[in-house]
Amino acid sequence: MRTETEIAFQEDVLLLEEVIDLKNLVVYNDDFNTFEHVIQTLIEVCKHAPEQAEQCTYLIHYKGKCTVKVGTFEELEAMCSAIHDRGISADIV
């Protein structure tokens, strides 16, 4: 049986999930951009550490896409545009 505190906490979590609508910034694989270009873009645009950018780039290459950042639409919009400006396909989903 759950206590009142546990029930209140779960209700607060559900309410917070409804208020904060997090989105994913997804980058897609292509046959044009080099690994180095994608890695450098993720470092500069998404503020990834070099190792994180490299791991994401391998996932993009082998899986076809990778979520490179999670945040609100407003937080991700400028990053998505900057990635597009560098010739890389990305969407906020």
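**A buried aspartate and its surroundings**

Guide: The side chain of Asp30 makes a polar contact with the side chain of Asn33, at a distance of 2.6 Å. A polar contact is a pair of N or O atoms within 3.5 Å; within protein, one atom must be able to donate a hydrogen and the other to accept it, and residues adjacent in sequence count only if both atoms are side-chain atoms. The model is a predicted one, in which local features need pLDDT of at least 70 and side-chain atom pairs count only at pLDDT 80 or more, whereas totals for chains, interfaces and linings use all residues. Residues are numbered from 1 along each chain as its sequence is written, and side-chain values use heavy atoms, with hydrogens and water left out.

Helices (H or I, at least four residues) and strands (E, at least two) are DSSP runs, numbered from the N terminus. Asp30 is buried but has no salt bridge, and Arg86, the nearest side chain of opposite charge, is 13 Å away. Buried here means under 20% relative accessible area and exposed over 50%, with partly exposed in between (1.4 Å probe, protein chains only). For charge, Lys and Arg count as positive and Asp and Glu as negative, while His and the chain ends are not counted. A salt bridge is a side-chain nitrogen of Lys or Arg within 4 Å of a carboxyl oxygen of Asp or Glu.

Asn29 lies in the loop between S1 and H2 and is partly exposed, with a relative accessible area of 35%. The C-alpha atoms of Asn29 and Lys65 are 5.8 Å apart in space, although 36 residues separate the two in sequence.

Strand S1 is paired with two other strands. Its pairing with S2 is antiparallel and extends over six bridges; its pairing with S3 is also antiparallel, with three bridges. Two strands pair if DSSP finds at least two bridges between them. Val27 takes part on both sides: its bridge partner in S2 is Cys66, and in S3 it stands opposite Ala90. In a regular strand, side chains alternate between the two faces of the sheet.

The charge pairs are found elsewhere. Under the rule given above, there are two salt bridges. One of them joins Glu44 and Arg86, whose closest N and O atoms are 2.8 Å apart. This pair links distant parts of the chain, 42 residues apart: Glu44 is in helix H2, and Arg86 is in the loop between helix H4 (73–85) and strand S3 (90–92). Both partners are partly exposed, Glu44 with a relative accessible area of 35% and Arg86 with 31%. Asp21 and Lys23 form another salt bridge, with 3.4 Å between the closest N and O atoms. Asp21 is partly exposed at 48% relative accessible area, and Lys23 is likewise partly exposed at 25%.

Lys47 has a phi near 60°, a positive value in a residue other than glycine, and counts as exposed at 66% relative accessibility. His48 has its place in the loop between H2 and H3 as well, but His48 is buried, with a relative accessible area of 4%. A polar atom of the His48 side chain lies 2.7 Å from the backbone oxygen of Val68.

Within helix H2 itself, one finds Ile43, which is partly exposed at 23% relative accessible area. The C-alpha atoms of Ile43 and Glu54, 11 residues apart along the chain, are separated by 9.2 Å.

Strand S2 (residues 65–71) also contains Val70. Together with Ile20 and Leu22, Val70 forms a nonpolar surface patch with about 270 Å² of accessible area. Patches are made of residues with over 30% relative accessible area and no salt bridge; like charges are joined within 9 Å, and nonpolar side chains (Val, Leu, Ile, Met, Phe, Trp, Tyr) within 5 Å. The areas come from the Shrake-Rupley method with a 1.4 Å probe; for residues, only the protein chains shown count as cover.
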